[in-house]
Amino acid sequence: MEAHPMPILDPKVVAGAPPRFHLLAKPSGSTCNIDCKYCFFLSKEALYPNEKHRMSPATLEAYIKQLLESHRDPNITVAWQGGEPTLMGVEFFRRSIALVEQYRRPGQTVQHTFQTNGIALDDEWCTFLKEHGVLVGLSIDGPREVHDTNRVTRGGKGTFDLVMKGWQQLRKHGVDFNILCTVNAANQHHGRRVYQFFRDELKAEWVQFIPIVERATPETIQLANLGWRERPKEKRLLYTQEGSLVTERTVGGEQYGQFLVDIFEEWVRHDVGKMYVQLFDVTLEAYFGQHKLCIHAPTCGYGPAIEYNGDLYSCDHFVEPRYKLGNIHETHMLEMMASPAQRKFGLDKRDTLTKQCRECEVRPLCNGGCPKDRFATAKDGEPGQNYLCEGLYHFFTHTRPAMQYMGMMVQKGRAPADIMGWVKAEDTRRGPYAPCPCGSGRKFRFCHGTREAPPLPRSAAPVESATEVGA
């Protein structure tokens, strides 16, 4: 494959192709330096057995060249993910930036992003990231008590202290960073506390919450509950989007919605315009008919993933054989993005909605959620309902009055942050001993009426923290 000439882009393909897309590149494949229990991407190693999962110089060049060729929109993102991309070493990414400068056309603006668990970040890494304006996404699930439940080393020890060392390096060097937090069974009841930790202790200004939904079948559920890491003398289970059962780590549908509401009630009182929560932003945009996040857009198909060897898949959540579009050494990336298979993948999001979804009052905001989670049964028995439906409905209906108010402020040329004054007036009118609007059942004074969320319960069997990666 290394000797293959680069595919030539057919001008006819360009005319019918999407003008932009957000491609997640996995230069080290599924290989990682830790062993998160819920990370089913670890199982993707089974797709490429007996191979060294490292992107070659030839694949790197083909990827960068084709990505820049494929975009008619002048704003392009080069997004690195994993696995764990730091395993490639700093020099690999120096080369990637040099290639961007080599192939970037006049007028193209390139943003480099980098999703990491933060453990390998040191002075060298952070100097490089700062120098080139790389936006870092730091994966952390909240305070130690919840983070260390699932995000562990290969030896089973918690990684919180290691991640915090990486965060300190980011702060020391002034590297721009966002937080990516999964919502799972360990933190689903502590939304406000998790949010306050990111805001007050990590000084984050942008947060993304990703629900953990691990599917399984009756045949695989027992093994899936053990996690996705490799086990001696056992064939590794390849995770695919199949089955109607979920693992013990999976967030509950109702609980996911309440987690978001718990955070929203904190944010809308104190942080509008200062702290950015991805889902809150895209929900407000949806009231203006804009859908920038594929999960809640009417259609999808603009978030493909590329593996270390150049294999291109329809979506980061569907890295499995039936969704492989081809390889960039054989077919140009844009040709695959414009293929009938990829078009159908994207349109199926809209065309396979259940009757319950199509008739739902929040469909213009939700659009059925991510297809990967559509394995539940609708109220009338129709298959294909989103597993998170109850929680999504709760979130979108609960936040509707506030979102509509912020939308009205925007239309009047005012800042959405003006809503905080409106909320304060409503709180005063309601009184401190009325039920808290978050729905917790507690009085407002003892819930969102106080600045501090309740502390997390101490685990009966706390996870030992690692002091080095190999521990």
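K26 sits in the loop that runs between β1 (24-25) and α2 (57-70). I will come back to that residue. Please keep in mind that this is a predicted model.

The whole chain to begin with. The protein chain has 17 helices and 14 strands. For 471 residues, a compact globule would have a radius of gyration near 23 Å, and the 22 Å of this chain agrees with that. The C-alpha trace spans about 75 × 50 × 50 Å along its principal axes. Of the 471 residues, 55% count as buried. Among contacts with a separation of 6 or more, 73% join residues 24 or more positions apart.

Now helix α4, residues 123-131. Which of its residues are buried? They are W125, C126, F128 and L129. These four cover an arc of only 160° around the axis, so they lie on the same side of α4. In general, an α-helix has 3.6 residues a turn, so residues three or four places apart point the same way.

At the N-terminal end, D122 caps α4, with a side-chain oxygen 3.2 Å from the backbone nitrogen of E124. Just after the helix, G133 has a positive phi of about 60°.

Back to the lysine. Is K26 buried or exposed? K26 counts as buried, because its relative accessibility is 1%. Beyond its neighbours within four places in sequence, K26 contacts F41, Q81, G82, A305, I306, E307, Y308 and D316.

Technical notes
Residues numbered from 1 in each chain as written. Predicted model: local features only at pLDDT ≥ 70, side-chain atom pairs only at ≥ 80, totals over all residues. Heavy atoms only, no water. Buried < 20%, exposed > 50% of the residue type's maximum accessible area, 1.4 Å probe, protein only. Helix = DSSP H or I, 4+ residues; strand = E, 2+ residues; numbered from the N terminus. Arc of directions from axis to C-beta. Polar contact = N/O pair within 3.5 Å; in protein donor to acceptor, adjacent residues only side chain to side chain. Contact = heavy atoms within 4.5 Å. Rg over C-alpha atoms; globule rule 2.2 N^0.38 Å.
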